[in-house]
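Thanks for coming. I will go through one model today, starting with a sheet and ending with a few backbone details. Please have the sequence and the structure open.

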Amino acid sequence: MMERSAVPGKERVLYVYRGDDYQGEEVAYRVPVVPGMVVLDALHFIQAHEAPDLAVRWNCKAAHCGSCSGEINGEPRLFCKTRLDAYGSLDIHVHPLRTFPIIRDLVSDVSWNYERAEELVPGFRPAEPPPFHLQQWEVDRVEEFHRCIECFLCQDVCHVLREHGLFGQYWGPQLMVRIAELEMHPMDTASRTDLLHSAAGVGLCNVTHCCTDVCPEGIEITHDAIIPLKERVADQHYDPIAAWLRRLRRPQPTSP
Amino acid sequence: MTAAGGQAWETLRHDVLVIGAGGAGLRAAVAVSEVGLSVGVVSKSLLGKAHTVMAEGGVAAALGHLDAEDSPDVHFRDTMKSGHFVNSARMAELLTAEAPERVWELERWGAVFDRTPAGQILQRAFGAHSYRRLCHVGDHTGKELLRTLQNRVTQLGVAFYPEVIVTRLFRDDSGMAGALAYRRVDGRFVLLRAPAIVLATGGWGRVYAVTSNSWESTGDGTALAFAAGADLMDMEMVQFHPTGMVWPPGVRGLLVTEGVRGEGGILLNAQGRRFMADYDPKRMELSSRDVVARAIYQEVQAGRGTPHGGARLDITARGAAFISRKLPSMRAQFLALADVDITREAMEVAPTCHYMMGGVRVDPDTCATRVPGLFAAGEVAAGLHGANRLGGNSLADLLVFGKRAGDAAARFAAASVHLPVVAASEIEEEVARVLAPLRQPLGPSPYGLHSALQEVMTRCGGIVRSGPGLQNGLQQVLEMQERAARLAAPGGTLYNPGWNLALELDAMLLLGEAILRSALERTESRGAHYRTDFPEEDAAWGKQNVVITRDRGGSPSLRTVPVAAVTPQQQRVLAPLTQDVTGRAPS
Amino acid sequence: MPSSVRAASATASPTRYWPPWAQSVTTLVVFSAFVLYSFGVVVFERTGQYHNYLSPFFSPPLGQWLGIPFAPAVLVAWIPLLFRGTCYYYRREYYHAFAADPFTCGAPERPERAYTGERAWPWVVSNWHRYWWYLAAIVLLFLWKDTVSAFIFQGQFGVGVGSVIMLGNVVLLTAYTLSCHAFRHLIGGSRDCFACPRGIEAVRPPVRFRWWQRISRWNRHHGRWAWASMMSVWATDVYIRLLLAHIIPDVRLLK
């Protein structure tokens, strides 16, 4: 795809994880540096010249698709967006997402996230059929969540999943963004508060903000998705005064 | 589980199999699922990663929210004119008539478009569209569209098989029998049995060195269809998007959305001249893509290019706040990858291979190929765009023809009485073929052959072509096809990209050959197809499409077929254009 | 998870100037110091009143009203304690720094240790954050009243260094209180549709939406307000305590 004209004397060594979920090791590869080179470029060079079977997932190479997620020097990042020159003289260690099982080399099995998305009910339930009449100021709030590229870096860094392994109890920040997107849609009529309180487990999040820090799309996951959802759960499950007011406001059943 | 030659395969069964999980594939799957049939979708990638996410500008639909004069008829005229009249009028008619309904449907499924002050879907101007027509969400419309369809198929419970690569289709004379595929994540083979198959595999931009396309765009589906007996059409029509990134080298070819020009960006050469005034003074930067792409190419050839061989695209005049709101992804892309802040500096851009107008020849109404039970929709199909695609029409294409293909495949599957059996020997033979590169001890590297192909295609079959160049390129591609038989891909079957590329190269080499042969055949210049030895449009060629059929020996054989006749009704809609051609002012 | 994968995680990163643990260590040290100081003041000090200045730890003077002679601050201090203790920003900080859950993002924890998040005792208390907000808002009204008093010297308007400090403190506390996530929810975050019931086109956003938007903007800096207001409370009390001990005199800026 691009010229691989190596600048004489300008080489970098990348330490790339090779192996699977059970065993593996870092392998050092020398890569000639090209201006503006990103980690994914370097991995492509390694594939073309040294290790044709080096497994790495990628698609658009423009940070739009969220495929090339991994960990560089222990930080969750997109390979296509991480430039080699940002590391100065530091070593570069390239690893797969390690919250999920490693299939091979830099590819992890992220199917768990898609399975949770299948369990997300109710889906979008609009109040009226389209065409909708909505103002820009009304949709701005959910458009932020629609920026999500499903790279799962937030899932990778979330300690509830990563360290405590509570995959059966908490769906992770990415699914919280997805739920927020439905929950706060100005046309939506359904409520997902009970789901959040039970299976999706928003109560397990302790708002440590790590997910927000790694989001390549700059979505304010903690502030705009998770905390507002926690407050909605509090409305329903932790606020006796609100519950009492709801009971008062609920229309009395009229006898026919 | 059935075993063959040490390799086992699993068998799965669906009423309809959809190959490809971009916009067209998912829309087809929704259509099938909604009538209650079982549908399986296979994809080379994960769900929601298809190349559709890269579509930035918007989806063209004549809603007339900002310009009340707009209508499906005007959209139809624009589409036909842009396609230089070698496109299918029926497809253009269906597209323009049905696009609005398809867009509103997305809204019902949860898509959120930018809004007008009246609360309707906002539409933006785009190259060669008469009116502001592209419904959009900032500059990530494709992602919104794909995500909406993804959520829809998830809700409908469509069976989805991620990271599965189909290598062969099986059929008999009454319909499809199924497809053989392997799963990247465990290297296992799967036989997906279905009487109807929808191909939605997208394009093959990866045959070119500079392309906006993702790794998936290798044309596997087109090659599968051809091998199964379908015809290919308009293969010479390759769209080069005028504005791809140029620098740094790693991002060369990466798309810079036409939305930049739609929102007011201007093109300047190295001397600071707004050169589009010399090529299309009326439409300037918003001229059709082939014109703008060639203009940039010619400026660079004439020595008026930027240091890295491109033109400057400048939108700084619109101000930082506007740019950040309307083009957030572009701003982020240039900041992160090129150290350029587009709110303060111009971008450096040059043409990049973007879209294949040609592909599998289909019936306009049903997307059916010549092979019973095989349907094709989206970029893989030919006919809608003719010699040049209008920006925004591809997303509309996905929705309109994805649905039509799904509907037709569902009807076919419901009516089919028997599912042809696939002989175990056929599967064993295919498994052996697929595994061959792994068992080859020594041979050329697929990566090397791929770059060689890309180099030849870019040099000989690129934005400007000539008879001798095409001939020379064809010779080289044919030689590469011989080399491809000996490709060696070390490693195992588990997520092995080298092996994968070796298999994809079969498709890319075939499609490279098809592009070069068709380009040689069309001895004129029309739309995206430009030949220095025949630089003018030829009226006679304006009535012909180049079609490639697989002959008995399996080789491609070319013929020309007349462009489908325009109905009197369509003729009436097109009338203002013919007046334009004869020198009178357009309406 | 194989150990080889874990061990490979290096620490060097191009994205941070400070090492990742710097924030947690700072939080650990400063919060601990503040808590110790507050504990000392609340439990052992009998008064925070110096002429017309009142330390925020002692307002409102509930002990005085009720005639309780010892540790008057204890009667009030639990309100800001619970308000800050359940604040989303403080939670983020102390889960990192004190509970090491996680100490820094991505850092290894002890997976065998039970983790129940905010669904079980004690952290489930955080779900009542809004109630502590209600009480804190009442306290804030008294602090404003105290601030007005701080500008009145024997019935005459005047400005002392103490008046300025108290004004600064109450402004920061107001910013902290109004930028609260729970308040953001109450003011509009709980709504999906600000333009409902629909009828006329709401081209201009309604008042409630505009307030929600404004609070959302402040909320983005909630952490900064949290730090600043904590420091200002500290500074105010220290200043008044220095006056009470006759270590420094109060300088009058305007008579």
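A definition first: two strands pair if DSSP finds at least two bridges between them. Helices (H or I, at least four residues) and strands (E, at least two) are DSSP runs, numbered from the N terminus. This is a predicted model, in which local features need pLDDT of at least 70, side-chain atom pairs count only at pLDDT 80 or more, and totals for chains, interfaces and linings use all residues. Residues are numbered from 1 along each chain as its sequence is written, chains are lettered from A and ligands numbered from 1 in the order in which they are written, and side-chain values use heavy atoms, without hydrogens and water.

Now the sheet in chain B. Four strands make up an open, antiparallel sheet, in the order S14-S17-S16-S15. Strand S14 (238–245) and strand S15 (266–268) of chain B are at the edges; each has a single partner strand, so one side of each has no neighbour in the sheet. From one strand to the next, the twist averages 45°. Angles here run from 0 to 180 degrees between N-to-C directions, and axes are lines fitted to C-alpha atoms, for helices over the stretch in contact. S14(B) and strand S17 (residues 347–356) of chain B run antiparallel and are joined by six bridges. Within S17(B), Ala350(B) is the residue opposite Gly244(B). Helix H8 (residues 289–301) of chain B lies across S14, S15, strand S16 (311–314) and S17 of that chain, at about 55° to S14(B).

Buried means under 20% relative accessible area, exposed over 50%, and partly exposed in between (1.4 Å probe, protein chains only). Among the buried residues of H5(B) are Leu224(B) and Phe226(B). After H5(B) comes Gly229(B), with a positive phi near 115°.

Next, chain A. It has ten helices and seven strands, and its C-alpha trace spans about 85 × 40 × 30 Å along the principal axes. Of the 256 residues in chain A, 67% are buried.

Which backbone details deserve a look? Most residues other than glycine have a negative phi, and most peptide bonds are trans. In chain A, the peptide bond from Val121(A) to Pro122(A) is cis, with omega near 0°. Pro122(A) is in the loop between helix H2 (111–118) and helix H3 (136–146) of chain A. In chain C, the bond between Ser59(C) and Pro60(C) is cis, with omega about -5°. Pro60(C) is in the loop between strand S2 (53–54) and helix H3 (62–66) of chain C.

Then the positive phi values. Asp105(A), which is not a glycine, has phi near 50°. Asp105(A) is in the loop between strand S6 (102–104) and strand S7 (107–108) of chain A, and is buried, at 1% relative accessible area. His51(C) also has a positive phi, near 50°. His51(C) sits in the loop between strand S1 (49–50) and S2 of chain C, and is exposed, with 62% relative accessibility.

Last, Val29(C). This residue is in helix H2 (residues 21–44) of chain C and is exposed, with a relative accessible area of 54%. That is the end of my notes.

Methods
Contact means heavy atoms within 4.5 Å.
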